[in-house]
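Reader: I am new to this structure and would like to learn how to read it, one feature after another. Where should we begin?

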Amino acid sequence: CGSEAPDRFDVAGGMAVCAKCSAPGSLRLPISQASLAAMQHITTCDSKRVFSFELTQQALKELSDVSETYFLTQLERGFYTLDFYKSLRLTGKDLQPAAQ
């Protein structure tokens, strides 16, 4: 939207906007500056550096939720593998390497 400090992610448009912008019927998710910076990094960096950033757990969850919502909306379908992974996390059976 041109704002220097966007605080929402427009899911249908795939862009960061400010809360003041009006878009009737559009899904806009709140997004922190940390998650927004991570999104900008991911979309503009060299592919070898795509995961070279750090976020707090809260910002990482926010980035994950916004990204998942965006992809599900754009692709208009779900993913069985993602659903399976989430079911493992909910049951506490996170996939972690065995201790040696």
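Author: Let us begin with the term helix: a helix is a DSSP run of H or I with at least four residues, and helices are numbered from the N terminus. The model before you is predicted, and just after its helix 2, Glu 76 takes a positive phi of about 55°.

Reader: Which pattern does the protein chain follow, read along the sequence?

Author: The protein chain has three strands and three helices, and along the sequence they are arranged as β-β-β-α-α-α.

Reader: How far apart are the end C-alpha atoms of helix 2?

Author: The end C-alpha atoms of helix 2 lie 27 Å apart, which agrees with the 27 Å that its 19 residues should span at 1.5 Å a residue.

Reader: Which residues in helix 2 are buried?

Author: The general idea is that an α-helix has 3.6 residues a turn, so residues three or four places apart point the same way. In helix 2, the buried residues are Ala 59, Leu 63, Val 66 and Glu 68, and the buried residues of this helix pack against strand 1 (8–10), strand 3 (28–30), helix 1 and helix 3 (80–90).

Reader: Why does Glu 68 count as buried?

Author: Buried means a relative accessible area under 20%, and Glu 68 is buried because its value is 19%. Leaving aside neighbours within four places in sequence, Glu 68 is in contact with Leu 82 and Lys 86.

Reader: Which residues make up the largest nonpolar core?

Author: That core has eight residues, namely Phe 9, Val 11, Leu 29, Ile 31, Ala 38, Met 39, Leu 63 and Val 66. The elements that give two or more residues to this core are helix 1 (33–44) and helix 2 (57–75). One of the core residues, Val 11, has contacts beyond its neighbours within four places in sequence, and these are with Leu 27, Leu 29, Thr 69, Tyr 70, Thr 73 and Gln 74. For the protein chain as a whole, buried residues make up 18% of its 100 residues.

Reader: How many disulfides does the structure hold?

Author: A disulfide is a covalent bond between the sulfur atoms of two cysteines, and the structure holds zero disulfides. As for the cysteines themselves, Cys 18 counts as buried at 14% relative accessibility, whereas Cys 45, at 22%, counts as partly exposed.

Technical notes: Residues are numbered from 1 along each chain as its sequence is written. This is a predicted model: local features need pLDDT of at least 70, side-chain atom pairs count only at pLDDT 80 or more; totals for chains, interfaces and linings use all residues. Side-chain values use heavy atoms; hydrogens and water are left out. A disulfide is a pair of cysteine sulfur atoms within 2.5 Å. Buried means under 20% relative accessible area, exposed over 50%, partly exposed in between (1.4 Å probe, protein chains only). A nonpolar core is a set of buried Ala, Val, Leu, Ile, Met, Phe, Trp, Tyr and Cys residues joined through side-chain atoms within 4.5 Å. Contact means heavy atoms within 4.5 Å. The expected span of a helix is 1.5 Å times one less than its number of residues.
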